[in-house]
Amino acid sequence: MDNVQADALPKRPQSYLTGLKEGGRAGWLLAQGLMFLGAVWGQLLSLAIVCLIFGIGSGGRFLSPDNIHAIVGLAGVPALLCLGVHQIVVMGGMDLSLEGVVAICGVVCGLLLKNNVNSMDVGFWILPIVVALGGAVGLLSGIIHTKLKMPSFIATLGVQWVFFGFAILISGGRSIPIQDARFQRLVTGSHILGIPNLALVGVFFWLVFEIFQSRTKTGIAMYAIGGDETLARQAGINVNRVKVIVFAICGVMYGIAALFLVTRLNSAAARVGNLLLFPAMTAAAVGGVSLTGGLGRARNAVLGTVIISALNNGMVMMRVNPYLQEAVNGIVLITAVALTIDRKKLGFIK
Amino acid sequence: MPGKLARKSEFVPLVLSLALAAALSAASGVFWTSANLNSLQASIAPTAIMAFGMMLCLICGYFDLSIGSIMLLAGLLSGKFNDWGLSTPAIVLFVLLAGLAVGCLNGFLVAVLGINALIATIGVQYIGYGFAMTLWDRNMQHRKFPGDFIAMGDGQFLGMYYMTWVMLAILVGLGFFLKYTLSGRRLYYVGGNREASRLIGFNDRRIVFLCYAATGLLAALAGVLAVARIQSPTQYMGGGVHMTCMIACVIGGGSFAGGKGSALGAALGVTFMSLLTNMFNLLEMNTQLQNVVVGLTLIAVIVVDGYLNLKKMRAMGMI
Amino acid sequence: MTANSTSVVMMRRMSKRFKNVVALDRVDFEVRPQEIVGLVGENGAGKSTLMKILIGLYQPDDGEYLLNGRPIKFRTPQEAMRQGVGMVFQEGCMVQNLSVQDNVFLGHEDGFRRWRVLDRGAMRRECKAILDRVNLRLDPDTLVRELPPAERQMVEIARLLWLLKRYGAPNPVMILDEPTTVLQEKEVATLFAALREIKKEASIVLISHRLEEVIENSNRIVIFKDGKYVDQMPAAGADIHRIEELMVGRGMRGNHYSEDKQRIPAPNERLRLENVSKKGFFEPMSFSLREGEIISLVGLIGSGKEELTKCLLGVARFDGGRVFVEGKERTIRSPSDAIRHGIGHVPIDRRQEGLALDFNVADNINMLVLRRLKAHGLISPRRERENALHWVEDGRIKTPSVKTKCGNLSGGNQQKVVISKWLSSGVNILVLDHPTRGIDVGAKEEIFKRIRALADHGMSLIIMCDTLEEDIGLGNRMIIMKDGKVTREVECPGDAKPTPQDVIEAIV
C-alpha cells in the first residue's frame, strides 16, 4: 500500500519558501518578507518608476528629504480613508458614502472642539466621539445593504446624500474655525525622529488592519465572502454580520480621517469631504485591490496611496496643468482596474 | 382603460409633473409668465437630450456618469473652435464627433474590456473634465459666437425654442426606435437577461458599445445647445447633471436592474426635475434646503426602485 | 428493513417533493459503523436529495431519521456537522482565493485563539497533521486555486474528516458525491487507499456511477431508482449486470412516449457531423441527423456529450472536423451562427438562459422573429399579438394572456414558451437539453407529446433526457458516449424499443 501512495501523487518540488518557513524563527520571518515582496512587486516597481521619472524631471528635488516628508504627510489622510474602503472592495462592494461621512464627522468635530461658534471644548474626548459617529454611520450603510438587500453602491449613495445634507444643516453651510491648537500641532508635527505624525498613525493602522485580515475570524471571513459568498455562507459564516462589521470599521476610519483633516486645516465645513472618494478608490485599485473581490490587503491600500500621492506631488512639482492632473488620475484609475479584473467574475457590483 | 393607463411606467412622472406644475402655478404668480416658461424650456431641453442617452444605458442595464464632462467638453470646444474661426456647421459637426469619441471610449471600456461601469465612467468623467478644463482660460477674451450659432439657442418657432423642437424630434424618434424596431427591442432583452440574449445570438457587446456611443453624442448635442443659449461657455456646465438625469430616468420608469424604461419616461422625469429646480428659484429656497430636497428625492427614488425589484425577484422565486 | 440497533444512521420512509415533483418516495436507508456503503442510481433517482436531507440542507416531508438510535432533525448543515454528519460536494466547497489552511479552518477558527488573535503557528501545525492523515505533503499556505483537482479533493476529504471528529461525535458519517469523476487512475487508487484508512474511524457513503469502483471498494451497495429504494446487496461477489438491471428498471409500460406515433425519418440529411473532435473532451466522431428524426445523446458527466452540444450551438468550438447543414458546409463560431443556420437550443436552465422572466409571453415568443412582424418598416404590435396567440394555441400553453410575465408561469408552461420561441423562428434543428427537468409528471407527458409532434412535422431533434427510459422512448436512434468516445449507436424503432438493460453497459 505504501508504494501506491508514494508514487501516486505527483511529486511537488518543495518550494524554497516552504523550506524557509520550516527553518525556525529567522527562516519564517525571511519567508514572510519574501512573500510580502512577491505580492506587491508590481506596486513597488510602479513607485520606483514614478520616483525615477519625477526625480529626473525635477532635477532631484523630488527625492529630497523635504519632499519625501511632504509626500508622506500628503498620503496620511488618504491612506486612512483607503484602509477603510478597501475592505469593502475586497468583499466585492463599493462605498460611495465616504464624502458624506467625512462631512458629518468633520462638522461634528468642528462643533465639539474648541471653536468660536459655541462654547464646547471636548478636547481629546473627540476621539471616541468621532469613532462612534463614523462607526454608527458605517453600521447604517451595512444594515441597509444587508437587510434591504440593496447593492452596496446604491445603499451608500443614499447614505452619502443624507449625511452630507445633515452636515450642511447643522453647520449652517458655513465653515467653523477650530481653535484647539493642540490638535493642529499633533497632526502637522513630527515628534518622533522627524517622521510626520500622520505617517506614524498611518503605519499604526496599517499594522492593525494586517492583523485583522490575517489573524481574526472576521478578517478571513471577509476574504471568503469576496471570493465566493455562497460558499462562505455554506461554511457557516454569518455573512451579514461580517459585512456590517466591515462597513462599521470603514466608517470608523472615515471618522478618524475627518478629525485629522479638520484639525489640520483648523476649520470644519461640510465640503471638507469633497473630492476624497476618487483618490481613495484609485489608491485601492492601484495598490492591487481587485474590484471583483477577494484580493488585496492593507499593504496594498497603503502602497497604492503612497504611489498616488507621489504621482500627484510629482505632477505639481513639474507644474503640470492641474486639470491635466485630474485627467491623469482618471487614466490611472481605469488602467489599474482594467489590469486587476478577474474575467471569470464579471458582473454587477454587489 | 384607466387601469391600463395607470400601469404604464410613464404614468408616475406625468402625474408628478402635472401636480408640481399645478402647485407652482398656484403658489407663484410668476410661473406662467413667458420668461419663466422660456427658462424652463431652456433647462428641460438639453437635460432631456442627455437623459435620453442615460435612459438608453439604463435599459441595457448600465449607466453613464461621464455625461457631465462630455457636456462641458462640448461647450468649451465650441468656444475654442469658434475662436479658431470655424463656421457654425463645422463647429457643431466637430463637437458632436468629439462627444461620439468619448462615448466610444466609454463603450470600449465597459463593453469590450468589461470594466465596471461605475468605475469606467467615473474615470472618464475625470479624464474628460480634466482635458476640457485645459481649454478653459477665464481671462482670455473669446470671440463672440456668430449669429447663426446663437440662433440655435435663441431662435423660436411657433412659440417654442428650436432646442425644444430638437428634443421633441429626438423624443419621437427614440420612442419609435425603442418600441418598434429590432435594435430597440434588443436593448431591452440585453438589459433584461444578458446571458439569455447572448445565447440567442444577440451581440450584446456591440449593443452596449453603441448605447454608450449614442449617449456621448447626445451629451455633446446638449452641450452645444446649452452653450448656444448662454452664448458663452462656462466652467460650470454639466456639473451635477448626471445625478439629475439618473433621478429623472428612474422616476421615468428606468431601473438599475435594466430592461425597463422609455424615451417619454425620461423626458417626463426631466420635466419633473426641472420643475423642481424652478420651484427652488421661484420660492427662493436656500441652497441647503435645495440639497435636502434633491437628496430626499434621490433616496425616495432609490428606495422605491430597490423595493420594487426585491418584490419582483421574490415573486419569481429568484430570492 | 430490519432495524439494526447498532446502525449509525437509520432513515425510514423518507419522502420529499418539490412542488409537484416527487423526489423521494418512502425511502429506507441505513449506514452502519465503519463501513463504506455505495449508493448508486441514475440521475434523478433521489440520491442527492436523500443525502441533502441527511446533512440537514433539506427537510423531509415525511419519514424517520435516527442517528445512533436517537431521532434527530437537523436545521442546518452546521448542526449536522457537529453531530458528525457531513458531505463533500461534487463541485467542492473551498473558496479559491484563500489558502488551504484558511479553507480547512473556515468558520471553525475558534479553537486557535490566543490573546484575542489567531495563533497561526498552531493552525499551521494542525493543518499539516490533517493533511498527513491523507498523505498529502503540501504547504498549507498554498492557494486553493493553485491545486490540481486531485489534491483539492483530498484536502476536502481531510477537512471534512477533521470537522466531523472535532466535536466528538462517536460515529462520523462522511458522504462523498462522485469523488472520482475528476481523478486519473492512479489518483483513484490513492483516494481509495485513504478511504480504507478513514473507514477505521468513520463511515463513508460513496455516491458514484462507476460501478466497478463501487463494487471493488465498498462493503455494501444500495440501489435507488425514480426516488424509491430498490434493493441492496453486499459488495463482495456482486454482479455488475444485476446492479445495472436494478438501476434502470424492467422495461417500459405503455405508450408513455407515443412510440406508436414515432415516424420513420425522411431520407434527406439535415445535419451531418464529420469527424468532429475537441481536445480533452471528445475524440473524432461522426453522425448525421435526418428530417423528422429524433436522436438521443446519452452519456454520463464527463462523457463529452455536453461539450459536443456546446460546440454545435456555437458556445464552444470544435477543434477538428466539419459540420454540414442541409448539405452545405458551415462553420459555427457563435450562437448567432448556429441560429442563422437553423439550429435552436432549449437549455437545461430555462429560467436563466432560456427566457427573460421579466418579459411577457408574447415578448419571449417573438424575440427571434421581430424582423418578420413588421408593417411599413416598423414592428407592428398587432402582428406581435397575432404571432404570440398563434403559438400559444399551437403549443397549448396555459397562460392568462400573452401579456403575462413568464416568471409567473409554471415550469411546464415556461418550457413550452421556450419551445414555441424556436418554432416561431423556423429552425429545423432543435437541441433539447433535459427538456423535462423540474417539471411535474403531468406536464412531462405533454412535453413528450409535443416533441413527438415536432418530429412528426419534420423537425429534427437532438435530445438529452433525464432518464434512460426517456431517451429510449423518444428517440429514433441513440448515440451513447463514454469518456469522449462513441461506444454504441442503437436503433430504437417504435415497435421494438430496446430495454435500458440492453444498453446500460455502454454507458457506465
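**Notes on a three-chain model**

I'll start with one residue: B:Q231 is partly exposed, because its relative accessible area is 31%, where buried means under 20%, exposed over 50% and partly exposed in between (1.4 Å probe, protein chains only). This is a predicted model, in which local features need pLDDT of at least 70 and side-chain atom pairs pLDDT 80 or more, while totals for chains, interfaces and linings use all residues. Residues are numbered from 1 along each chain as its sequence is written, chains are lettered from A and ligands numbered from 1 in the order in which they are written, and side-chain values use heavy atoms, without hydrogens or water.

Back to B:Q231. Its phi is near 65°, which is positive although the residue is not glycine. Most residues other than glycine have a negative phi. B:Q231 sits in the loop that runs from helix 11 (204-230) to helix 12 (241-251) of chain B; helices (H or I, at least four residues) and strands (E, at least two) are DSSP runs numbered from the N terminus. C:D483 is in the loop joining strand 23 (477-482) to strand 24 (485-491) of chain C. With 54% relative accessibility, C:D483 counts as exposed.

Next, the overall dimensions. Chain B comes to 14 helices and two strands, and 57% of its 319 residues are buried. Its C-alpha atoms fill a box of roughly 65 × 50 × 40 Å along the principal axes. Its radius of gyration is 20 Å, in agreement with the value near 20 Å for a compact globule of 319 residues; the radius is taken over C-alpha atoms, and the globule rule is 2.2 Å times the number of residues to the power 0.38.

Chain A has 15 helices and two strands. Of its 350 residues, 54% are buried. Its C-alpha trace spans about 85 × 55 × 40 Å along the principal axes.

How many of the eleven residues of helix 10 of chain A are buried? Nine are, so I call this helix, residues 217-227, mostly covered. Among the buried residues are A:T218, A:I220, A:M222, A:Y223 and A:I225.

Now the surface patches. A nonpolar patch of about 680 Å² is made by A:W41, A:L45, A:I49, A:L52, A:I53 and A:I56. Patch residues have over 30% relative accessible area and no salt bridge, with like charges joined within 9 Å and nonpolar side chains (Val, Leu, Ile, Met, Phe, Trp, Tyr) within 5 Å; areas are Shrake-Rupley with a 1.4 Å probe, only the protein chains shown counting as cover for residues. One member, A:I49, belongs to helix 3 (residues 24-57) of chain A. A:I49 counts as partly exposed because its relative accessibility is 42%. An α-helix has 3.6 residues a turn, so residues three or four places apart point the same way.

There is also a positive patch, formed by B:K8, B:K179, C:R385 and C:K403. Lys and Arg count as positive, Asp and Glu as negative, and His and chain ends are not counted; each charge is placed at NZ of Lys, CZ of Arg, CG of Asp or CD of Glu. B:K8 lies in the loop between helix 1 (2-7) and helix 2 (11-27) of chain B. At 47% relative accessibility, B:K8 is partly exposed.

Last, salt bridges. Over all chains the structure holds 45, each a side-chain nitrogen of Lys or Arg within 4 Å of a carboxyl oxygen of Asp or Glu. I picked some in chain C. C:D141 pairs with C:R124, the closest N and O atoms being 3.3 Å apart. C:D141 is in the loop between helix 4 (120-133) and helix 5 (149-166) of chain C and C:R124 is in helix 4, so the pair ties together parts 17 residues apart in sequence. C:R124 is buried at 12%, while C:D141 is partly exposed at 28%.

C:K200 and C:E197 meet at 3.1 Å, N to O. C:K200 is exposed at 55%, and C:E197 is partly exposed at 34%.

What separation in sequence does the bridge between C:K485 and C:E283 span? Its closest N and O atoms are 3.6 Å apart. C:K485 lies in strand 24 and C:E283 in strand 14 (residues 282-290) of chain C, so the pair ties together parts 202 residues apart in sequence. Both ends are partly exposed, C:K485 at 43% and C:E283 at 40%. Finally, C:E269, C:R272, C:E274, C:R322 and C:E329 are joined into one network by salt bridges that share partners.
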